[in-house]
Amino acid sequence: MGIKDLSKLIADRAPKAIRSNEMKAYFGRKVAIDASMSIYQFLIAVRQDGSQLTNADGEATGHLMGMFYRTIRMIDNGIKPCYVFDGKPPELKSGELEKRTERRAEAEKELAAAKEKGDTETISKFERRLVKVSKEHNEECKRLLRLMGVPVVDAPCEAEAQCAALARSQKVFATATEDMDALTFGSSVLLRHMTFSEAKKMPIKEFDLSKVLREMDFTHEQFIDLCILLGCDYCPTIRGIGPKRAFELMQQYGSIEKILENIDTKKYPPPENWKFAEARQLFLHPEVATHDIILEWKSPDVEGIVEFMVREKNFNEERIRGALEKLQKSRQKAQQNRIDSFFKCDKIISSTPTAAKRKAEQDKAKLKAGAKKKKTK
């Protein structure tokens, strides 16, 4: 789920923290990508006739096709992607996972009813809702990415938290995901629509966390409290408090504890046994791998990819080899540095005199005037 309504709230309250870019604007940048989110997007993709993407044997191949061609597109734009895969979910997420299981059961009922009626549009809608990224999907994508020479990171827990940790430690420039909680976890930059922007003719939305905090006048901890009030995966929210009210309350009181001391809890009842403090700590100190992560981009194993994609997964060999030629050419672009890295400025020279410089000039002028006066006498 991420954080409910956070992108809209930032657009309203901190518009300078958002900018839109084309993919080529990230030439030379290393980007950590939430793999599960990308795989899910690829799995629910359909052909123009509405059918799922499958190979000749009827196996789902959307995840491999999407991962292969979109990764090449990013590399062709000079981006160095690394993919981060989810580990075990945190204990606090169990309530959200139960809700998802209930929604899935409901969707299965709706799908069965739609099939009885022969309602193809509703069938397609609920089939897409029931798509789930499996362990097999993940392992196949990891294998493909490693063959392509793209680094893969296995997160001990949430992928967004691991991506944020990589961004904070400056191993990558940004986190690419649709889930806004990458900002809550402290990613310095969040890129939305990175994996499908060109395919859907959409700009990439860049969110700058430091600008969000500055414009909202919040500390990171206060921003986390705001996100908990909006709605996250780890605990419920206060009934009756929407995004606008949550923002105003955080501005006024600065923490959830102070808000609870000052609001009418009969009118706005907080959840029973509300674990907001535990959720806050999870965002502040998530379980992430902090050492020994070395991101290396290597030459692709061309024949290994052909063996996997063509021989095992029945992709068209001519197309795969054509895409691999493009990948090898694109790697030359990705190996170049961003042009701004060639220009380092050790000292800022300004055409506008500083206060200290102006004072020194005034003192010099006074001394000169005094010397002239003495000479005249």
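Helices here are DSSP runs of H or I at least four residues long, and strands are E runs of at least two, both numbered from the N terminus. The model is a predicted one, so local features need pLDDT of at least 70 and side-chain atom pairs count only at pLDDT 80 or more, while totals for chains, interfaces and linings use all residues. Residues are numbered from 1 along each chain as its sequence is written, and side-chain values use heavy atoms, with hydrogens and water left out.

Of its 377 residues, 44% are buried, meaning under 20% relative accessible area with a 1.4 Å probe, protein chains only.

Helix H10 (residues 220–230) is largely enclosed by the rest of the structure, because 8 of its 11 residues are buried. Those are Phe223, Ile224, Asp225, Leu226, Cys227, Ile228, Leu229 and Leu230. They pack against several helices, among them H1 (6–13), H11 (243–253) and H13 (276–284).

H9 (209–216) is another of the packing partners. The axes of H9 and H10 (lines fitted to C-alpha atoms over the stretch in contact, with angles from 0 to 180 degrees between N-to-C directions) lie 10 Å apart at an angle of about 85 degrees. That makes the two helices roughly perpendicular, a label for 65 to 115 degrees. Leu209, Val212, Leu213 and Met216 of H9 meet His220, Phe223 and Leu226 of H10, contact being heavy atoms within 4.5 Å. This set splits into 6 nonpolar residues, 1 polar and no charged; Leu, Val, Met and Phe are among those that count as nonpolar, Asp, Glu, Lys and Arg count as charged, and residues in neither group are polar.

How values were computed. Buried < 20%, exposed > 50% of the residue type's maximum accessible area, 1.4 Å probe, protein only. Parallel < 35°, antiparallel > 145°, perpendicular 65-115°, else oblique.
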